[in-house]
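Please look through the sequence and the model shown here before reading on. The report below moves from a single residue to the whole chain.

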Amino acid sequence: MTDVYQRLANYLDDLPAGFPPTETGVELRILKRLFSQQEAQIAPGLTMMPEPVAAIAQRLGRDEAELAPMLEEMSKKGLIFRSTKGGEKHYMAAQFVIGIWEYHLNDLDEGLIRDVNEYLPHLTKTRWIKQETKQLRVVPISQSINAEMSVMPYEMAEEIIKKQSKIVVSPCICRREHEMVGKGCDKLKEACLIFGTGAYYYEENGLGRSITQDEALVILNSGLEAGLVLQPGNAQKPSNICLCCGCCCQILKNLKILDRPAQVVHANYYAEVTMEDCTACEACVDRCQMDAIEVEDTARVDPDRCIGCGLCVTECPEDAMTLKQKDGADQYVPPKNTFETYLRMARERGKI
Ligand code: SF4
Ligand code: SF4
Ligand code: SF4
């Protein structure tokens, strides 16, 4: 008989973002830390569609009244996702990343952090990088965009924020977990903006606080001052915007070790230096979270490393660094919404 944790791991790996096995079995260690035996048995009964308890109980052949408090408890522990529709609770599967890991923001410990840091490079290498459709993309900071560019509203963080009726800001789990093991940075602590249904879940689970659009714009601005990369969810109507640093962010950190990170990031821009204007002052170098800039006689941007975040542009005192838009054929158009993103990911992996 397959072990419940192995069955849970297989199930999580079948979800769009995956949960690939390792030779060391660290992924099973992580699941044992997070799920009780009973929870590990129940979780694989959920799908990527929100469903009321009755539908889940019927599929699992379980008693609805007995299952309801278990699902509620699991959703509070960040093992599955919960939403409310027409006053009725609905539950659905949570992926490991982005999902279960992030939902454990408030109950991290050194053992879990160690195991997850052993595991995430493997997940990035075997799933995130190989997956054609990613969960996040990069958009440029608005101050780096010039008037001649035709920028889509979904590429502008301010426009995305102004469309939201419910926003929660959450502490950045990447910075928190690094700080807990003495490897943190001094960048913004509250750096994850969550929208819509996810925002209610975060708020109800004590993972963040509700803020207004104006407050979100202030946080966005603080993120830009701190030199953070804007990574919205990979959808025209994203469910989040992350403000990320290259030192702690589990995505950027693991992409940064590649020779050509630009090839595995959804981005429509790149930076370019006007050599005649560059004084080789190096102000742009530290600003780049992807180590894409080298300065000798003048600055040079490595196109294979530049993810078009625009952070270097605003730092250049000579206006020598500018952002360019990729050609039409190379322009990335994100899926319409998060549901479509996951559908694409599942199709690409042959899971549907
Ligand atoms: S993805 Fe970015 S903002 Fe989100 S938790 Fe990680 S570093 Fe923080
Ligand atoms: S060179 Fe670095 S800072 Fe500038 S746009 Fe590219 S990735 Fe961003
Ligand atoms: S900040 Fe501007 S002037 Fe200074 S090295 Fe970079 S591109 Fe050149």
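## A residue and its contacts

Two residues are said to be in contact if their C-beta atoms, placed from the backbone, lie within 7 Å. In this predicted model, and leaving aside residues up to four places away in sequence, Leu 188 touches Ser 222, Gly 223, Ala 226, Leu 228 and Leu 243.

Leu 188 is found in the loop that runs between helix 9 (173-180) and strand 5 (190-195). Is Leu 188 buried or exposed? It counts as buried, because it has 20 C-beta neighbours inside 10 Å, and 20 or more is what the term buried requires. Leu 188 can also be compared with Cys 172, which is 16 residues away in sequence, while the C-alpha atoms of the two residues are 8.2 Å apart in space.

In general, the strands of a sheet pair through backbone hydrogen bonds, and the pairing may be parallel or antiparallel. Here three strands make an open sheet with antiparallel pairing, and their order is 1-3-2. Strand 1 (51-52) and strand 2 (80-85) stand at the edges and have a single partner strand each, so one side of each is left without a neighbour in the sheet.

Strand 2 is paired with strand 3 (residues 88-93) through six bridges, in the antiparallel sense. Within this part of the sheet, Arg 82 is placed opposite Tyr 91 of strand 3.

## The surroundings of ligand 3

Which residues are closest to ligand 3? The ligand is surrounded by 15 residues, and the closest of these are Cys 278, Cys 281, Cys 284, Ala 299 and Cys 316. When the shell around ligand 3 is sorted by class, it contains 11 nonpolar residues, one polar residue and three charged residues.

## The protein as a whole

The protein contains 15 helices and 12 strands. Its radius of gyration is 21 Å, close to the 20 Å that the globule rule gives for 352 residues, so the protein is as compact as a globular protein of that length. The C-alpha trace spans about 75 × 45 × 40 Å along its principal axes, and buried residues make up 43% of the 352 residues. Of the contacts with a separation of 6 or more, 71% are between residues 24 or more positions apart.

The domain assignment gives domain 1 (4-107 + 115-128), domain 2 (142-255 + 340-345) and domain 3 (261-330). Taken over C-alpha atoms, the centres of domain 1 and domain 3 are separated by 40 Å.

Terms used:
Residues numbered from 1 in each chain as written. Chains lettered and ligands numbered in written order. Predicted model: local features only at pLDDT ≥ 70, side-chain atom pairs only at ≥ 80, totals over all residues. Pairing = 2+ DSSP bridges. Helix = DSSP H or I, 4+ residues; strand = E, 2+ residues; numbered from the N terminus. Rg over C-alpha atoms; globule rule 2.2 N^0.38 Å. Buried ≥ 20, exposed ≤ 12 C-beta atoms within 10 Å, placed from the backbone. Domains from an automatic or database assignment. Near = placed C-beta within 6 Å. Nonpolar A, V, L, I, M, F, W, Y, C, P; charged D, E, K, R; others polar.
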